[in-house]
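Here is a short tour for anyone meeting this structure for the first time. Take a look at the picture, then read on.

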Amino acid sequence: MKEYIEKLYTKLHEAMEKPVTLGSAEEVGLYAKTICRIEKLHGHHDEPEEDTFDRETAMQWAANMQNADGTTGPHWTMEQTTAVAESMGIQAPVVPRWAWGVTMNMMYSDYYHVAVEFGLNRPEFYAALAKAFLLDKDGPGPEQKLMAYYEHIARS
């Protein structure tokens with residue numbers, strides 16, 4: 001079953017690379033829904049921790065981020081990160097906007113100095129990091145990976 005899910009993730013990533021059209025959005029949604037259903041059938045969604053990690057928890061996390069630039073809280077608003085996600089073809093059914101927003105802000109919070117050092121301090125750089133983090137084909141899925149990071153790294 002794991003191999004089949006990996007194939008679905010591969011197809012999902014391929015579909016996300018296509019230009020955004022109604023057809024490609026439906027294709028991405030179908031792959032995402034299928035992956036979620038299969039993972040739910042195999043108990044990946046029954047872990048108690050997941051019930052405690054939601055939009056509200058993510059927003060509280062973002063509000064308390066101690067950023068590498070010396071500021072506190074999210075660097076970008078939800079509207080700003082949503083615009084970046086849409087420009088990259090990141091579909092909301094695959095990555096909820098709140099998960100995308102907190103991840104993009106997490107990347108800024110943690111990697112600001114690296115971005116400045118290499119002349120990459122722009123939203124597109126942090127968005128590329130967020131995309132790589134959330135859509136890691138070896139990962140459990142965007143929300144699950146973010147939740148695990150929060151539970152075992154950020155909240156600690």
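## Around Tyr126

Leaving out residues up to four places away in sequence, Tyr126 touches Trp76, Met104, Met107, Tyr108, Tyr111, Tyr112, Ala115 and Asn121. Contact here means heavy atoms within 4.5 Å.

A word on the ground rules: this is a predicted model, where local features need pLDDT of at least 70, side-chain atom pairs count only at pLDDT 80 or more, and totals for chains, interfaces and linings use all residues. Residues are numbered from 1 along each chain as its sequence is written, and side-chain values use heavy atoms, with hydrogens and water left out.

## The nonpolar core

Tyr126 turns up again in the largest nonpolar core, which has 43 residues; Trp100, Tyr126 and Leu146 touch the most other members. Such a core is a set of buried Ala, Val, Leu, Ile, Met, Phe, Trp, Tyr and Cys residues joined through side-chain atoms within 4.5 Å. "Buried" means under 20% relative accessible area, "exposed" means over 50%, and "partly exposed" is in between (1.4 Å probe, protein chains only).

Which elements give two or more residues to this core? They are α1 (2-16), α2 (22-41), α4 (55-63), α5 (78-88), α6, α7 (123-134) and α8 (142-154). Helices (H or I, at least four residues) are DSSP runs, numbered from the N terminus. The largest share, 10 residues, comes from α6. In soluble globular proteins, nonpolar side chains tend to be buried together.

Helix α6 covers residues 97-117, and its 21 residues should span 30 Å at 1.5 Å a residue; the end C-alpha atoms are 29 Å apart, which agrees. That expected span is 1.5 Å times one less than the number of residues. Of those 21 residues, 15 are buried, so the helix is mostly covered.

There's a kink of about 75 degrees in α6, centred on Tyr111. The bend at a residue is the angle between axes fitted to the seven residues ending there and the seven starting there. Just after α6, Gly119 takes a positive phi of about 70 degrees.

## Rings together

How many aromatic pairs does a search of the whole structure find? Eight. Rings of Phe, Tyr and Trp (its six-membered ring) pair if their centres lie within 6.5 Å; planes under 30 degrees apart count as stacked, over 60 as edge-to-face and the rest as tilted. The rings of Phe133 and Tyr149 have centres 5.8 Å apart and planes at 90 degrees, so this pair is edge-to-face. Phe133 is in helix α7 and Tyr149 in helix α8, so the pair ties together parts that are 16 residues apart in sequence.

Phe133 is buried, at 14% relative accessibility, whereas Tyr149 is partly exposed, at 22%. Elsewhere, Trp76, Tyr108, Tyr112, Phe125 and Tyr126 form one aromatic cluster.

Ala85 sits in helix α5 and is buried, at 0% relative accessibility. Ala85 touches Ile90, Arg97 and Trp100, not counting residues up to four places away in sequence.

Pro142 is in helix α8 and is buried as well, with a relative accessible area of 9%.
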